Amino acid sequence: MTVDVSKIYLLDVATGADVEAELRDAIEQAQLDDWQTKWRPALLTILQELVRKGVPFDQWPQSWHWDWSKKTARVQGLLAFRGFSIVALGETQGMAQVDLTKAAREANQRGKPLVYLDYLEVAPWNRPDLGNAPRLRGVGSALITAAVALSEDEGFKGRLGLHSLPQADNFYRKIGMTDLGQDAAYQNLRYFEMTSEQARAFFEKEENDET
């Protein structure tokens with residue numbers, strides 16, 4: 001398998017400096033190794049601290065149980081399922097898995113193909129919602145950008161869909177996706193879509209933020 005690697009830049013929150021990173025159009029064994037040996041221990045430490053502080057279970061990070069080894073194994077070799085990863089400072093900073101078999105639900109684009117963002121997660125040390133200042137900023141946005149760019153490349157005109165974990169609802173609203181409400185057929189998670197017009201606005205904002 002040939003992996004395309006693009007150079008991107010993230011923000012070092014502590015210093016305000018740019019950090020060079022690799023956006024890779026695959027999730028490889030090195031990323032799964034990082035998840036196993038770095039992400040999981042870091043997340044376990046965070047969960048133990050939440051328990052010590054008496055934080056209610058419903059306020060824990062909602063992706064704490066995700067198993068990236070199983071997620072990638074389920075779709076291995078299936079061309080309609082793609083992965084992305086971001087590597088910086090010698091370790092994996094984020095991963096995403098997408099599905100190209102879904103169709104849009106929003107009234108003006110119903111039935112048209114889109115890229116469905118099945119899973120997206122950034123490394124525990126980059127998540128401000130876990131109580132500590134993140135090390136790097138821009139990982140989640142870079143993975144969204146990669147998914148929208150794939151939608152363009154596939155002829156889907158930037159259309160993107162996803163079910164959001166409640167803790168991420170505001171993030172998807174903030175980047176301009178349409179909230180189509182809770183989906184009873186999918187664990188009552190809220191379903192969001194990005195239209196082709198919203199995708200163009202998203203790219204323009206990303207470009208302006210970089211200048």
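**View 1. Helix α1 is kinked at Trp35.** The bend in α1 is centred on Trp35 and comes to about 35°. The structure shown here is a predicted model. Helix α1 covers residues 29-53, and its 25 residues should span 36 Å at 1.5 Å a residue. The C-alpha atoms at its ends lie 35 Å apart, which agrees with that figure. Just beyond the helix, Gly54 has a positive phi of about 75°.

**View 2. Buried residues of α1.** An α-helix has 3.6 residues a turn, so residues three or four places apart point the same way. The buried residues of α1 pack against helix α2 (68-74) and against the strands β2 (18-24), β3 (81-88), β4 (91-99) and β5 (115-122).

**View 3. An open sheet of 9 strands.** The strand order is β6-β1-β2-β3-β4-β5-β7-β9-β8, with mixed pairing. At the edges stand β6 (136-137) and β8 (178-183); each has a single partner strand, so one side of each lacks a neighbour in the sheet. Within the sheet, β2 and β3 are antiparallel and pair over 3 bridges. Arg24 is positioned opposite Ser85 of β3.

**View 4. Helices α1 and α3 on the sheet.** Helix α1 lies across β2, β3, β4 and β5, and runs at about 120° to β4. Helix α3 (residues 139-153) also packs on the sheet, and its direction makes about 160° with that of β5. Among the strands that α3 touches are β1 (5-12), β6, β7 (160-164) and β9 (189-194).

Methods: Residues are numbered from 1 along each chain as its sequence is written. This is a predicted model: local features need pLDDT of at least 70, side-chain atom pairs count only at pLDDT 80 or more; totals for chains, interfaces and linings use all residues. Side-chain values use heavy atoms; hydrogens and water are left out. Helices (H or I, at least four residues) and strands (E, at least two) are DSSP runs, numbered from the N terminus. The expected span of a helix is 1.5 Å times one less than its number of residues. The bend at a residue is the angle between axes fitted to the seven residues ending there and the seven starting there. Buried means under 20% relative accessible area, exposed over 50%, partly exposed in between (1.4 Å probe, protein chains only). Contact means heavy atoms within 4.5 Å. Two strands pair if DSSP finds at least two bridges between them. Axes are lines fitted to C-alpha atoms, for helices over the stretch in contact, and angles run from 0 to 180 degrees between N-to-C directions.
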